[in-house]
Amino acid sequence: EWTIEDAEQKYQIASWGDGYFGINQKGQIVVQPDGTNNGVEISILDVIEEIKSHKLDLPVVIRFHDILRSRVQNLNTIFQETIQRLDYKGHYRGVYPIKVNQMREVVEEIVDAGQPFAFGLEAGSKTELMSVLAYNTNPDSLTILNGYKDEDYMRLAMLGRKLNRQIIVVIEQFHELPLLV
């Protein structure tokens, strides 16, 4: 007879779920969107049933924006608390590399969650740079620019400076320096 304890032991959700995933009393995998065990949970089975009821084609991506928000807030809060506790004189200025996931919904959620922390964005291509300039409007956040750089890329970077963005161009090869200057 399969029990909830058997499922917890077999799948080790407690070791990788970080409070965001668990198993409810019905034995279903659940999401706790804010990472706390405050009773708010969403059954993955219920989400799958909802998807089926709308006759959506598979595969589908199930994204919980509250998890994104919680992770950004936790990351920044831990850095702030550690900096204060250790009396570190520097600052943490995190950035999200949009190459990880360029979907508008994801970038908007991360930018919004990171607003109080001046959490910035990083771009590695001209297309990403155009998106980053549009989304990273917090005057205190960093915009980090990596990747292949040609004249158009550097022109966009300088446009970002004119928009009062805190642009940091990472020079990876010597021939990029004259383009920037």
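I checked H6 against H7 and found them roughly parallel to each other (angles under 35 degrees count as such). Helix H6 (residues 126-135) and helix H7 (residues 151-162) pack at about 10 degrees, axes 10 Å apart. Axes are lines fitted to C-alpha atoms, for helices over the stretch in contact, and angles run from 0 to 180 degrees between N-to-C directions. Helices are DSSP runs of H or I, at least four residues, and strands are runs of E, at least two, numbered from the N terminus.

This is a predicted model: local features need pLDDT of at least 70, side-chain atom pairs 80 or more, while totals for chains, interfaces and linings use all residues. Residues are numbered from 1 along each chain as its sequence is written, and side-chain values use heavy atoms, without hydrogens and water.

I listed the contacts (heavy atoms within 4.5 Å). Lys 126, Leu 129, Met 130 and Leu 133 in H6 meet Asp 152, Tyr 153, Leu 156, Ala 157 and Gly 160 in H7.

Next, the sheet. I read an open sheet of four strands, order S4-S5-S6-S7, with parallel pairing (strands pair if DSSP finds at least two bridges between them). Strand S4 (95-97) and strand S7 (166-169) are at the edges, each with a single partner strand, so one side of each lacks a neighbour in the sheet. Four bridges join strand S6 (residues 142-145) to S7. Leu 145 stands opposite Val 169 in S7.

Last, I looked up Asn 24. Asn 24 sits in the loop between strand S1 (21-23) and strand S2 (29-31). At 10% relative accessibility, Asn 24 counts as buried (under 20% relative accessible area, 1.4 Å probe, protein chains only).

Note on methods: Buried means under 20% relative accessible area, exposed over 50%, partly exposed in between (1.4 Å probe, protein chains only). Angles under 35 degrees count as roughly parallel, over 145 as roughly antiparallel, 65 to 115 as roughly perpendicular and the rest as oblique.
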